[in-house]
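Trainee: I would like to be taken through this structure step by step. May we begin by looking at it together?

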Amino acid sequence: MISFDAVNKRFDDGTTAVHELDLEVPEGEITVLVGSSGCGKTTTLRMVNRMLDATSGVIRIDGRDVREIAGSTLRRDIGYVIQQSGLFPHRTVADNIATVPKLLGWDKKRVRDRVEELMATVGLAADLGRRYPHQLSGGQQQRVGVARALAADPPILLMDEPFGAVDPVVRALLQDELLRLQAELRKTIVFVTHDIDEAVKLGDRIAVFRTGGHLVQFSTPAQLLTHPVDEFVADFLGAERGLKLLSLATLEDVPVRPTTTAREADESGGDEWVLVLSDQDTPLGWRSSSDRALIPAHGLSGGDSLLAGLDATVSSPTGLAVRVDAAGRYVGVSDQRAINESATRFRSEVLVP
Ligand SMILES: Nc1ncnc2c1ncn2[C@@H]1O[C@H](COP(=O)(O)OP(=O)(O)OP(=O)(O)O)[C@@H](O)[C@H]1O
């Protein structure tokens, strides 16, 4: 666990970047620091690995004051990932990933094996190891940044807007991969972003900062969305707070019922919409008898969110979300009413203090 106890950071020019910060970052979870530009998120992060020292107060890792921990131990135990990956441009990808193991004096074979293993872990093809950072896409560079941070298997990862510089599609992919990795690795992650949607998606807990380095609220995403402590936090969460809440609940318990289905080659009769399935039973789309064109339907599984379910009902010509099993095979449909009922239930559960 990382704890901040009455931590202040004042720069030489008199700027207070962090003010009386008390915060306990739980072990094995993702804690997200959010807030608008200049509110002290990066400064908070950099005080953990002592790239900056606090002006007053104490930061502890597992009860030990970070000022008493040797630099080499901090480098081994804390991975650091920043925006635009921060890779060394004149070192190959493999050498970048090997930075900390080499600093720690690992032998060559151990370093090579670890680099290979990490590249696979973060989804990079092995032959990219010989390239230089500028020969990679932005998303690939971020993956290298994550691999480099994980190299010595540190229990703590500090991530400062790591996905800030990539396009929204790649960003969503990298977020999903981080969640997948975290489910396995259970690191203590402190993640800085100014994007509240990213915070809600990734955070087990979210710390909202206000300019001047004030921590305003520290809650789970569901608590934050249902109980913002003041108007500042409510404004920061923005419009569609209810929809954001629906992104946290899954379709797992939403009832599924059958609908009329057909194969691609079938001639449809009647005026009804039918759901066309492939020979493998994966949903292809909705077809009406008057129009042979398919309106694509994307199947949702129990792990998808209520928000995705609601979106599917609104975009479908039938008002129905198509449900599939883990293998992507059709199992039925859910209507808006069933999704709404689950949403109401979820909301009442999170509203209970
Ligand atoms: N070296 C420095 N000297 C003086 N002031 C600084 C220094 N570094 C940061 N600051 C100031 O401290 C405050 C907090 O900065 P910090 O970088 O922690 O904010 P942030 O929340 O991470 O912002 P952003 O989202 O824009 O990165 C800002 O007012 C910033 O201008």
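Predicted model: local features only at pLDDT ≥ 70, side-chain atom pairs only at ≥ 80, totals over all residues.

Trainee: How many helices and strands does the chain have?
Mentor: Helices (H or I, at least four residues) and strands (E, at least two) are DSSP runs, numbered from the N terminus. The C-alpha trace that carries them spans about 75 × 50 × 30 Å along its principal axes. The count for the chain is 13 helices and 16 strands.

Trainee: What percentage of the 353 residues in the chain is buried?
Mentor: A residue is buried if 20 or more other C-beta atoms lie within 10 Å of its own, exposed if 12 or fewer, and partly exposed in between, with C-beta atoms placed from the backbone. By that criterion, the buried share of the 353 residues is 38%.

Trainee: Which residue of β8 is the bridge partner of Asp160?
Mentor: Asp160 belongs to β7 and stands opposite Ile82, in a parallel pairing where 5 bridges join β6 to β7 (residues 156–160). β7 also pairs with β8 in the parallel sense, over 5 bridges. In β8, the partner of Asp160 is Val192.

Trainee: Which residues of β8 point the opposite way from Thr188, Val190 and Val192?
Mentor: In a regular strand the side chains alternate between the two faces of the sheet. Strand β8 (residues 188–192) is mostly covered, with 5 of its 5 residues buried. Thr188, Val190 and Val192 point one way, and the residues that point the other way are Ile189 and Phe191.

Trainee: Which residue stands opposite Ile189 of β8?
Mentor: Strand β3 (residues 30–34) pairs with β8 in the parallel sense over 4 bridges. The residue opposite Ile189 is Ile30.

Trainee: How far apart are the end C-alpha atoms of helix α7?
Mentor: The expected span of a helix is 1.5 Å times one less than its number of residues. Helix α7 (residues 168–185) has 18 residues and should therefore span 26 Å. The distance between its end C-alpha atoms agrees with this, at 25 Å.

Trainee: In what order do the strands of the open sheet of 4 strands lie?
Mentor: The pairing here is antiparallel, and the edge strands are β2 (16–25) and β5 (64–65). β1 (residues 2–10) and β4 (residues 56–61) share 5 bridges, whereas 6 bridges join β1 to β2. The order is β2-β1-β4-β5.

Trainee: Why does Val18 count as buried?
Mentor: Val18 is in strand β2, where it is the bridge partner of Lys9. Leaving aside neighbours within four places in sequence, its contacts include Val7, Gly40 and Gly213. Val18 is buried because the number of other C-beta atoms within 10 Å is 25.

Trainee: Which helix contributes the largest share of the shell around the ligand?
Mentor: A residue is near a molecule if its C-beta atom, placed from the backbone, lies within 6 Å of it. The ligand is surrounded by 13 residues, and the closest are Phe11, Ala17, Ser37, Thr42 and Thr43. The largest share, 3 residues, comes from helix α1 (residues 41–48).

Methods: Residues numbered from 1 in each chain as written. Pairing = 2+ DSSP bridges. Contact = placed C-beta atoms within 7 Å.
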